[in-house]
Amino acid sequence: MQTDPRGPRLAAALSAFVLTVVLYTGSCPLLAAQTLVFALGAFGGLRLAPYVRLFQVLVLPRLAPPSETEDDRTLRFDQGVLMVFATVGALGYCSEVTWLGVLAGAAALTAALGNAAFGYCVGCRLYPLVRRAQGRLTAGA
């Protein structure tokens, strides 16, 4: 299924804001909440991703149709990658291993900012590599 890439870019900007607040405050509950946001996008699809839904309801009706679309499988994979970083970060903050929370939170923030500011989607770049590796593993079994 194809999707308007402007929704995920807005979601990345909102995620980057939340992750910045997390890094500033060291808030385990806030990072856990952001992890849930990523999980909804990864496992439920972009139709359940809260920030993308916000875009679809409040912003999209005011915009012209997109000039291009993206495969939502890559965007879901990206949400999964960010969910992993956020999970590790939340575990770090919640278990008072602050350096782990900062490191994983900063990695998630970097990926979210790259998507929001430059349209560079880390998970979208990794998805074809993972699919290719899966094909080789299946063929070799």
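This is a predicted model: local features need pLDDT of at least 70, side-chain atom pairs count only at pLDDT 80 or more; totals for chains, interfaces and linings use all residues.

Modeller: Helix 1 covers residues 6-25, which is 20 residues. At 1.5 Å a residue it should span 28 Å, and its end C-alpha atoms lie 29 Å apart, so the two agree. Now look at what is tucked away: Gly7, Pro8, Ala11, Ala12, Ser15, Ala16, Val18, Leu19 and Val22 of helix 1 are buried. An α-helix has 3.6 residues a turn, so residues three or four places apart point the same way. As for what covers those buried residues of helix 1, the list includes helix 2 (28-43), helix 3 (50-59), helix 4 (72-94) and helix 5 (98-118). Just after helix 1 comes Gly26, with a positive phi of about 70°.

The axes of helix 2 and helix 4 come within 8 Å and cross at roughly 160°, which makes the pair roughly antiparallel. The crossing is left-handed. Among the residues making this contact are Leu31, Thr35 and Phe38 of helix 2, and Gln79, Met83 and Tyr93 of helix 4. By type, the residues of the contact divide into 14 nonpolar, six polar and one charged.

Follow the chain past helix 4 and you reach Glu96, in the loop between helix 4 and helix 5. Glu96 is exposed, with a relative accessible area of 70%.

How values were computed. Residues are numbered from 1 along each chain as its sequence is written. Side-chain values use heavy atoms; hydrogens and water are left out. Helices (H or I, at least four residues) and strands (E, at least two) are DSSP runs, numbered from the N terminus. The expected span of a helix is 1.5 Å times one less than its number of residues. Buried means under 20% relative accessible area, exposed over 50%, partly exposed in between (1.4 Å probe, protein chains only). Contact means heavy atoms within 4.5 Å. Axes are lines fitted to C-alpha atoms, for helices over the stretch in contact, and angles run from 0 to 180 degrees between N-to-C directions. Angles under 35 degrees count as roughly parallel, over 145 as roughly antiparallel, 65 to 115 as roughly perpendicular and the rest as oblique. A crossing is left-handed if the near helix is turned anticlockwise from the far one by less than a right angle, and right-handed if clockwise. Ala, Val, Leu, Ile, Met, Phe, Trp, Tyr, Cys and Pro count as nonpolar, Asp, Glu, Lys and Arg as charged, and the others, Gly among them, as polar.
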